[in-house]
Amino acid sequence: MHVLLLEDDLDLGQAIVTALRQDGCTVLWQRTPTAVEGLDRERIDAVLLDLGLPRIDGMDLLIAWRQSGWAVPVMVVSARGALPERLAGLDEGADDYLPKPFAMAELLSRLRALHRRHLRQASERWRIGSLEIAPRNRLVWVQGAPVELSAREFQLLEALARNPQAVVSKSMLGQRLQPLGEPLEGSVIEVHMSNLRRKIGADRIRTLRGVGYQLVS
Ligand code: CA
């Protein structure tokens, strides 16, 4: 497993690197998040993410990664251990959240579990009628033919597909697409929705005026 470690604390970072290497991982350790730009994302199997980093908050990094569609498994390792902070981290797309201080054995064990889960999910496919979605890889097929979606279009489709047949309101979609800060405006969602419909087939998404949208099989 190739692990990206973002941790500015010298002693802790060194201890984690040593433990990971003893556990058979290769580690890329960065102490400043700016060094993360330009990394070969494809080569990273998991990220250990400190939140209190110089110049940028780890949470903002996590949000940016998820918005850009990077689905790498992320474990937050942070001194911010209160329940609301842990929940916020998980809701923003962290796959696990380990409060500091922690036992190194638990970090290693959780990381292995995270990796196993990711490998299982990487091969997961959702089938809704003739629509097929690989949520981890963000791939979509319609009647077996691949369809290219933008990050926003995919997020919309994913939000609908998580509850096929359910009606999802526009405000809920707005919050899902912009999890922090101002939710996306309804008119912006309509534009993305219209593009999504054009790509996967207009009749696959039903509009219930004033209520929301529904994925139909
Ligand atoms: Ca720190």
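This is a predicted model: local features need pLDDT of at least 70, side-chain atom pairs count only at pLDDT 80 or more; totals for chains, interfaces and linings use all residues.
Which residues does Ile200 touch, not counting residues up to four places away in sequence? Residues are numbered from 1 along each chain as its sequence is written, and side-chain values use heavy atoms, with hydrogens and water left out.

Ile200 touches Leu131, Val142, Val147, Leu149, Leu157 and Ile205, contact here meaning heavy atoms within 4.5 Å. Together with Leu157, Ile200 has the most contacts inside the largest nonpolar core, a group of 25 residues. Such a core is a set of buried Ala, Val, Leu, Ile, Met, Phe, Trp, Tyr and Cys residues joined through side-chain atoms within 4.5 Å; buried means under 20% relative accessible area, exposed over 50%, and partly exposed in between (1.4 Å probe, protein chains only). Two or more residues each are given to this core by strand 6 (126–128), strand 7 (131–134), strand 8 (139–142), helix 5, helix 6 (170–177), helix 7 (186–200) and strand 12 (212–215). Helices (H or I, at least four residues) and strands (E, at least two) are DSSP runs, numbered from the N terminus. Helix 5 supplies the largest share of the core, six residues. Apart from this core lies another, of 19 residues, including Leu51, Leu61, Ile63 and Ala94.

Helix 5 (residues 151–161) also holds Glu153, which is buried with a relative accessible area of 5%. Its neighbours, leaving aside those within four places in sequence, are Glu148, His192, Asn195, Leu196 and Lys199. With the side chain of Lys199, the side chain of Glu153 makes a polar contact at 2.7 Å. A polar contact is a pair of N or O atoms within 3.5 Å; within protein, one must be able to donate a hydrogen and the other to accept it, and residues adjacent in sequence count only if both atoms are side-chain atoms.

Elsewhere, five strands form an open sheet in the order 2-1-3-4-5, with parallel pairing. Strand 2 (26–30) and strand 5 (96–99) stand at the edges with a single partner strand each, so one side of each is left without a neighbour in the sheet. Two strands pair if DSSP finds at least two bridges between them; strand 1 and strand 3 are joined by four. Leu5 has Leu48 in strand 3 as its bridge partner.

Helix 2 lies across strand 1, strand 3 and strand 4, at about 155 degrees to strand 3. Axes are lines fitted to C-alpha atoms, for helices over the stretch in contact, and angles run from 0 to 180 degrees between N-to-C directions. Seven of the ten residues of helix 2 (residues 58–67) are buried, so the helix is largely enclosed by the rest of the structure. Just after the helix, Gly69 takes a positive phi of about 95 degrees.

Finally, a calcium ion is coordinated by Asp8 (OD), Asp50 (OD) and Gly52 (O) at 2.2 to 2.3 Å. Donors are N, O and S atoms within 2.8 Å of the metal (3.2 Å for Na, K and Ca); water is not among the atoms, so sites may look incomplete. Asp50 is buried, with a relative accessible area of 5%, whereas Gly52 is partly exposed, at 39%.
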